[in-house]
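Subject: Structure handover

Hello,

Here is the structure I said I would pass on. My notes on it follow below.

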Amino acid sequence: MSIHLVIIDALNLIRRVHAAQPGEPDVQNTARVCCQALSKIINVSQPSHIVAVFDHEGDDRGWRAELLPHYKEGRKPMPPELQAGMDVIQDAFMALGVDSLLSDGDEADDLIATLALKVADRGQQVTIVSTDKGYCQLLRPTLRIRDYFQQRWLDSRFIEKEFGVRPEQLSDYWGLAGISTSKIPGVPGIGPKAAVELLGNYPNLEAILAADDLPAKWQKKIDAHREQAMICKQVAALKTELQLGFNLQDIRFRQAVTS
């Protein structure tokens with residue numbers, strides 16, 4: 001059987017829809033607009049399997065914050081009315097035939113990455129629906145990322161134009177240049193331009209750290225922050241070996257029957 005698994009980065013979709021609502025945001029209206037988006041995604045992609053993945057609830061900031069205490073610090077929290085309405089939205093998704101999956105302790109990103117690669121590495125098609133460019137490190141012929149809001153594919157050409165590196169070098173790039181919005185510092189003094197130049201000469205961060213021929217302008221900066229660079233790369237990379245606790249049959253798409 002040919003498989004096409006569509007994975008919805010649920011909060012990426014929901015929070016953008018909610019923020020775009022005119023006037024006082026309403027959860028019922030957010031659920032309605034999200035379901036309109038899901039219906040369009042389903043009609044275009046024709047999935048055999050589909051799931052909406054949510055971040056776990058609670059104050060645990062996960063393993064990344066243990067490595068980098070300031071990771072995602074200061075990010076705007078979810079509006080209370082939206083948090084309280086998650087059951088309403090998940091019920092609306094289920095009415096369309098889209099089950100919801102909550103991560104357990106890890107970020108939804110890691111759960112999505114694990115599930116996506118489990119299917120894609122078996123030669124089956126996977127589409128991740130998200131605006132998050134972090135998923136682009138997973139790109140391969142059987143795995144693609146769709147930005148629903150910009151109606152574009154976040155593919156290899158996009159990554160090369162946006163960052164100047166190959167998809168498989170993204171975590172190395174962020175280990176060097178950091179991600180300011182997530183409070184991932186990278187290596188002080190190594191910006192995007194330098195990271196691109198370094199990764200044009202060396203395949204990854206490990207090779208850069210092992211090199212004995214780095215130009216002096218970079219050698220001193222990197223030597224002073226070798227451990228930090230590797231931690232930043234680890235935090236920017238996605239975990240792909242989580243225990244899923246379910247199988248594909250559980251998220252097989254069955255078109256909801258309307259009366």
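I start with Lys-233, which is found in helix H12; helices (H or I, at least four residues) and strands (E, at least two) are DSSP runs, numbered from the N terminus. This is a predicted model, in which local features need pLDDT of at least 70 and side-chain atom pairs count only at pLDDT 80 or more, while totals for chains, interfaces and linings use all residues. Residues are numbered from 1 along each chain as its sequence is written, and side-chain values use heavy atoms, with hydrogens and water left out.

Lys-233 has a relative accessible area of 14% and is buried (under 20% relative accessible area; exposed is over 50% and partly exposed in between, with a 1.4 Å probe and protein chains only). Its side chain makes a polar contact with the side chain of Glu-206, at 2.9 Å. A polar contact is a pair of N or O atoms within 3.5 Å; within protein, one must be able to donate a hydrogen and the other to accept it, and residues adjacent in sequence count only if both atoms are side-chain atoms. Leaving aside residues up to four places away in sequence, Lys-233 touches Ser-171, Asp-172, Gly-175, Asn-204, Leu-205 and Glu-206, where contact means heavy atoms within 4.5 Å.

Ser-171, Asp-172 and Gly-175 are among the buried residues of H8. Helix H8 (residues 170-177) has eight of its eight residues buried, so it is largely enclosed by the rest of the structure. The cover over these residues includes helix H7 (156-163), helix H9 (192-201), helix H10 (205-210) and helix H12 (226-236). After H8 comes Gly-178, with a positive phi near 75°.

Strand E1 (4-9) is also largely enclosed by the rest of the structure, because six of its six residues are buried. Both of its faces are covered, with His-4, Val-6 and Ile-8 on one side and Leu-5, Ile-7 and Asp-9 on the other. E1 runs parallel to E4, joined by five bridges, and Ile-8 stands opposite Val-129 in E4. E1 also pairs in the parallel sense with strand E2 (residues 49-54), over five bridges; here Asp-9 stands opposite Val-53. Two strands pair if DSSP finds at least two bridges between them.

Next, the spaces. On a 1 Å grid over the protein atoms alone, a cavity is a set of points where a 1.4 Å probe fits but cannot get out, and a pocket is an open set with protein on both sides within 12 Å along at least five of seven lines; lining residues have an atom within 4 Å of a point. Grid points are joined across faces, edges and corners, and a volume is the space filled by probe spheres set on the points.

There is one cavity of 30 Å³ or more. The largest cavity has a volume of about 40 Å³, and its lining includes Ile-8, Asp-9, Val-129, Arg-146 and Tyr-148. E1 and helix H1 (10-19) each supply at least two of the lining residues.

The second largest pocket holds about 210 Å³. Val-129, Arg-146 and Tyr-148 are among the residues that line this pocket, as are Lys-40, Arg-144 and Trp-153. Helix H2 (27-45), strand E4 (125-129) and strand E5 (143-147) are the elements that give two or more residues to the lining, and H2 has the largest share, at four.

Regards
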